[in-house]
Structures are given as C-alpha cells and as structure tokens.
Amino acid sequence: MFVKKMLLLAGMFLVGLSTGIAQGKWDLKKDENGIQVFTRKAAKGNIRELRVVCELDATKMQLINMLQNIADYNSWVYSNKKSTILKMVTPQNIIYYTQSHLPWPIKDRDLVIELTINPIGDVLNIQAKSLPDYLPKEKEYIRVPYSLATWKVTQGANNKLKVDYTFSVDPGGSIPSWIVNATLTIGPYNSFAKLKEILQAQKPTVLN
C-alpha cells in the first residue's frame, strides 16, 4: 500500500529535468500510446535518470506556448498543485515556483525552476533547472534540492515533433531511493500522455 501511494512522486518533476553524464545503458520500462520511457543508472547518487521519447502532433510554437503557460500546468503535469511565475526575464527565460501534492504520509514538495527555451535553429532546446535557494523554504513543504531537465525537439515526418526528454532529480527528504526508482516512470508517462491529448485537441479539423 505504501508503494502504491508513491505513484504520484515522479510526476511533480516533469518540467524540471537532466541529461548529465550517466553510467550504463538506457533500459526501456514502458512503451505505450507512442510514448517510450527509459531509465538508467546515474553517475552519482542512487536515483535513476529517466528519458522519454515520443512524437507530438503539434508545431514548435504550440509546444512553446504550453510550456510558457505556467499557470495552466495543473491541466497536464501529473500531481501538480500550483505553479506561479516569479520572474519573467524574457518570454524564453522564466523563473517560476511550483508545488506538488503527494499522498499521505509523504510530505508535499516544492521547487523553484528556471525555464530556458531556445527556439533558434532546427533543434528546439529547452532546459529547466532548479534554483533551490531562490526563495526561503516553507514549513509545509520539502524544497527539492536538485532537478534538471532537458527537452530536445526536432521536426519529424507528417508535421509531428520528435521529443527526446531527459530527467534527473533528488526529491529531498527521507524517501528511500528504491521507492523513487520504483515509481519513477509513472508521472512523466502520464504527463506526456495528457500533453499529447491536449495538443491533439488543438489541431484544426480538416473538412473534406
């Protein structure tokens, strides 16, 4: 029962991931709905790195708009409780605060993320890194000490985007690493499934 309660844990970090140098090969853990989820042993620590590979039926601008709409993360980011912009340096460089609800008895987490979007060239590069000391810590939450994410987005066939997304995190607190690793794929898979659904719904209907 306790392990089942941890299924929400990984989803909170979807927009906050990392490529980092890692050891070992990627192991496929889930392949469903056109979404492949892999994990591998990290170079440091006991929390495994995660990778998602999928296609999105959208334009680069649609994806950018989704990521820039911080306040609407509740609609697709798994277990997201609240997201608020703290500082918009530019539309492509945003610092925001986010909270994630985890089931009892696990304490909720929060983190500050700097989102950087580089739309120049053929490859859309997106990075989201944690800034754990940007705001004072709140008693109700455990501040995530480390989160780093990257999206590599390229134009695929049939006007679809090919996404290669990587993720590493230290959730902080006293959660055993084996529990985090056991539930690591749940949140990202569900978040990408919801993102695909929303973007598909935005696609104009072609009338014959």
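In which helix is Gln68 found? In this predicted model, Gln68 belongs to helix H1, which covers residues 60–68. With a relative accessible area of 18%, Gln68 falls under the 20% cut-off and therefore counts as buried. Its side chain reaches the backbone oxygen of Pro91 at 2.7 Å. Leaving aside residues up to four places away in sequence, Gln68 touches Pro91, Gln92, Ile94 and Ile117.

Attention then turns to the aromatic residues. The structure holds 5 aromatic pairs. One of them joins Trp151 and Phe192 in a tilted arrangement, with 5.3 Å from centre to centre and 45° between the planes. Trp151 is part of strand E9 (residues 146–155) and Phe192 is part of helix H3 (residues 186–202), so this pair ties together parts that lie 41 residues apart in sequence. Both partners are buried: Trp151 has a relative accessible area of 2%, and Phe192 has a relative accessibility of 1%.

Phe192 also pairs with Tyr165, here edge-to-face, at 4.9 Å centre to centre and 75° between the planes. Because Tyr165 sits in strand E10 (residues 161–170) and Phe192 in helix H3, the pair links parts that are 27 residues apart in sequence. Tyr165 is buried as well, at 0% relative accessibility. Elsewhere, Tyr73, Trp76 and Tyr96 make up one aromatic cluster.

Charged side chains meet aromatic rings too. Lys30 lies over the face of Tyr189, 4.7 Å from the ring centre. Arg51 takes up a position over the face of Phe38, at 5.7 Å from the ring centre.

Terms used
Residues numbered from 1 in each chain as written. Predicted model: local features only at pLDDT ≥ 70, side-chain atom pairs only at ≥ 80, totals over all residues. Heavy atoms only, no water. Helix = DSSP H or I, 4+ residues; strand = E, 2+ residues; numbered from the N terminus. Buried < 20%, exposed > 50% of the residue type's maximum accessible area, 1.4 Å probe, protein only. Polar contact = N/O pair within 3.5 Å; in protein donor to acceptor, adjacent residues only side chain to side chain. Contact = heavy atoms within 4.5 Å. Phe/Tyr/Trp six-rings, centres within 6.5 Å; stacked < 30°, edge-to-face > 60°. Lys NZ or Arg CZ within 6 Å of the ring centre and 35° of its normal.
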